[in-house]
Amino acid sequence: MQLPEIFEPFFTTKPVGKGAGIGLAIGKEIVVEKHGGQLTCISAPGDGAEFIVEIPLSQVMNKVQR
């Protein structure tokens, strides 16, 4: 099951006052917008969630060489 809304700012499944819902939005900004990568979540009710973080090697190498 794919859950694209989980990467939206302030989306949360927690009760009011138990979380701001910005953690995954910030993670997506760092991975996708800053590094040109991909952030994917695969989830199934009762089975937990798997997050796949892909960052292009060329972006990493360019930053290391500076």
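Predicted model: local features only at pLDDT ≥ 70, side-chain atom pairs only at ≥ 80, totals over all residues.

Me: How many helices and strands are in the chain?

Reply: Two helices and two strands, running α-β-β-α from the N terminus. Those are DSSP runs, numbered from the N terminus: helices are H or I with at least four residues, strands are E with at least two.

Me: How does the length of H1 work out?

Reply: Helix H1 covers residues 23-34, and its 12 residues should span 16 Å at 1.5 Å a residue; the end C-alpha atoms are 16 Å apart, so that agrees. The expected span is 1.5 Å times one less than the number of residues. Just after H1, Gly36 has a positive phi of about 70 degrees.

Me: Val31, then. Buried or exposed?

Reply: Val31 counts as buried because its relative accessibility is 9%. Buried means under 20% relative accessible area, exposed over 50%, and partly exposed in between, using a 1.4 Å probe and protein chains only. Val31 is in helix H1.

Me: And what does Val31 touch?

Reply: Not counting residues up to four places away in sequence, its contacts (heavy atoms within 4.5 Å) include Gly36, Leu39 and Val53. Val31 and Val53 are 22 residues apart along the chain, with their C-alpha atoms separated by 7.4 Å.

Me: Which residues make up the largest nonpolar core?

Reply: Ile6, Phe7, Val31, Leu39 and Cys41. A nonpolar core here is a set of buried Ala, Val, Leu, Ile, Met, Phe, Trp, Tyr and Cys residues joined through side-chain atoms within 4.5 Å. Across the chain's 66 residues, 15% count as buried.

Me: Switching topic: what volume does the largest pocket have?

Reply: About 250 Å³. Of the 18 residues lining that pocket, the closest to its centre are Ile6, Phe11, Thr12, Thr13 and Leu24. On a 1 Å grid over the protein atoms alone, a pocket is an open set of points where a 1.4 Å probe fits, with protein on both sides within 12 Å along at least five of seven lines; lining residues have an atom within 4 Å of a point.

Me: Which element gives the most to the lining?

Reply: H1, with three residues.

Methods. Residues numbered from 1 in each chain as written. Heavy atoms only, no water. Points joined across faces, edges and corners; volume = space filled by probe spheres on them.
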